[in-house]
Amino acid sequence: MLKYLFFDLDGTLVDSSKGIKNAFHYTFSKLDMPVPDEATLSSFIGPPLETTFSHFFDNPTQIEQAIAFFRDYYQEKGIHEVRLYDDIAFALETLSQSYQLFVTTSKHEPSAHQMLKALEVDNYFTAIYGSTPQRFVKEDVIAACLDEHNITPNRAAIIGDTKFDMIGGKKRDIDCIGVTWGFGEEDDLVQHGASTIVASPKDLITHLT
């Protein structure tokens with residue numbers, strides 16, 4: 001019986017595209033590199049920063065510098081360039097009556113805490129898990145949540161908008177629910193393991209209650 005819901009953050013709970021893209025603009029400018037086009041920047045929303053910047057640099061020190069520039073901007077400005085998707089607060093309020101809720105995101109963990117607190121929805125979650133130096137791919141973030149709360153995988157589901165959420169969920173043997181109001185594509189979600197596709201937070205409530 002499903003009891004635990006693991007929510008992705010960017011593209012699932014919040015529309016953070018403006019702040020993320022601006023942080024990438026700032027980073028590439030600081031590195032004196034051409035800023036990728038908008039479509040390419042959009043593809044950077046979802047994967048860990050370590051994965052994204054590894055496409056541009058081979059040297060770990062350069063990757064760390066790029067991540068530092070990104071987080072400098074994001075912590076000061078980008079974290080405020082965000083909004084909850086419509087009906088998300090209502091969905092969290094409703095689902096928290098029947099499920100234990102968690103956040104499992106590839107966003108830097110302190111930023112995830114700060115953002116959700118500022119949006120006044122952090123209280124719905126038992127715990128918030130994000131990227132740390134020891135874990136930054138979705139599979140490992142999910143594993144930390146499962147292990148630290150002694151959750152049996154067949155009682156948990158990941159709710160996310162990109163293939164990275166589905167891939168991480170499948171690797172940890174939890175159910176995968178894809179949402180189409182974020183940054184990913186339905187075909188990608190299905191191809192990478194989504195058992196269900198929902199089009200709105202209200203549809204998510206209908207599916208789960």
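Residues are called buried when their relative accessible area is under 20%, exposed when it is over 50%, and partly exposed in between, with a 1.4 Å probe and protein chains only. Helices (H or I, at least four residues) and strands (E, at least two) are DSSP runs, numbered from the N terminus. The structure is a predicted model, in which local features need pLDDT of at least 70 and side-chain atom pairs count only at pLDDT 80 or more, while totals for chains, interfaces and linings use all residues. Residues are numbered from 1 along each chain as its sequence is written, and side-chain values use heavy atoms, with hydrogens and water left out.

We can start with the strands. Strand 1 (4-7) sends Y4 and F6 to one side and L5 and F7 to the other, and all are buried. Strand 1 pairs with strand 4 in the parallel sense over four bridges, where two strands count as paired if DSSP finds at least two bridges between them. In this pairing F7 stands opposite V103 of strand 4. Strand 1 also runs parallel to strand 6, to which four bridges join it; here Y4 has A156 as its bridge partner.

Strand 6 has five of its five residues buried, so it is largely enclosed by the rest of the structure. From this strand A156, I158 and G160 point one way, whereas A157 and I159 point the other way. Strand 7 runs parallel to strand 6 and is joined to it by four bridges, with I177 of strand 7 as the bridge partner of I159. Strand 4, for its part, pairs with strand 5 in the parallel sense, again over four bridges, and F102 has A127 of strand 5 as its bridge partner. Strand 5 (residues 127-131) is mostly covered, with five of its five residues buried.

In helix 8 the buried residues include D165, M166, G168 and G169. Seen down the axis of helix 8, the buried residues fall within an arc of 165 degrees, so they line one face of the helix; the arc is that of the directions from the helix axis to the C-beta atoms. The cover over these residues includes helix 7 (138-148), strand 6, strand 7 and helix 9 (186-191). After helix 8 comes D173, with a positive phi near 60 degrees.

In helix 10 (residues 201-208), P201, L204, I205 and L208 are the buried residues. Viewed down the axis of helix 10, they fall within an arc of 100 degrees, so they line one face of the helix. An α-helix has 3.6 residues a turn, so residues three or four places apart point the same way. The buried residues of helix 10 pack against strand 1, helix 5 (88-95), strand 6, strand 7 (175-179) and strand 8 (196-198).

On a 1 Å grid over the protein atoms alone, a cavity is a set of points where a 1.4 Å probe fits but cannot get out, and lining residues have an atom within 4 Å of a point. Grid points are joined across faces, edges and corners, and a volume is the space filled by probe spheres set on the points. By this rule there is one cavity of 30 Å³ or more, and the largest cavity has a volume of about 290 Å³. Its lining holds 24 residues, of which D10, I20, P47, S106 and K107 lie nearest the centre of the cavity. Two or more lining residues come from each of helix 1 (17-30), helix 4 (60-76), strand 4 (100-108) and helix 8 (163-171). By class, the lining has ten nonpolar, seven polar and seven charged residues, where Ala, Val, Leu, Ile, Met, Phe, Trp, Tyr, Cys and Pro count as nonpolar, Asp, Glu, Lys and Arg as charged, and the others, Gly among them, as polar.

One of the residues nearest the cavity centre, K107, is found in strand 4. K107 counts as buried, at 9% relative accessibility. Leaving aside neighbours within four places in sequence, K107 is in contact (heavy atoms within 4.5 Å) with L9, D10, I20, Y74, A112, M115, G130 and S131.

Notes. On a 1 Å grid over the protein atoms alone, a cavity is a set of points where a 1.4 Å probe fits but cannot get out, and a pocket is an open set with protein on both sides within 12 Å along at least five of seven lines; lining residues have an atom within 4 Å of a point.
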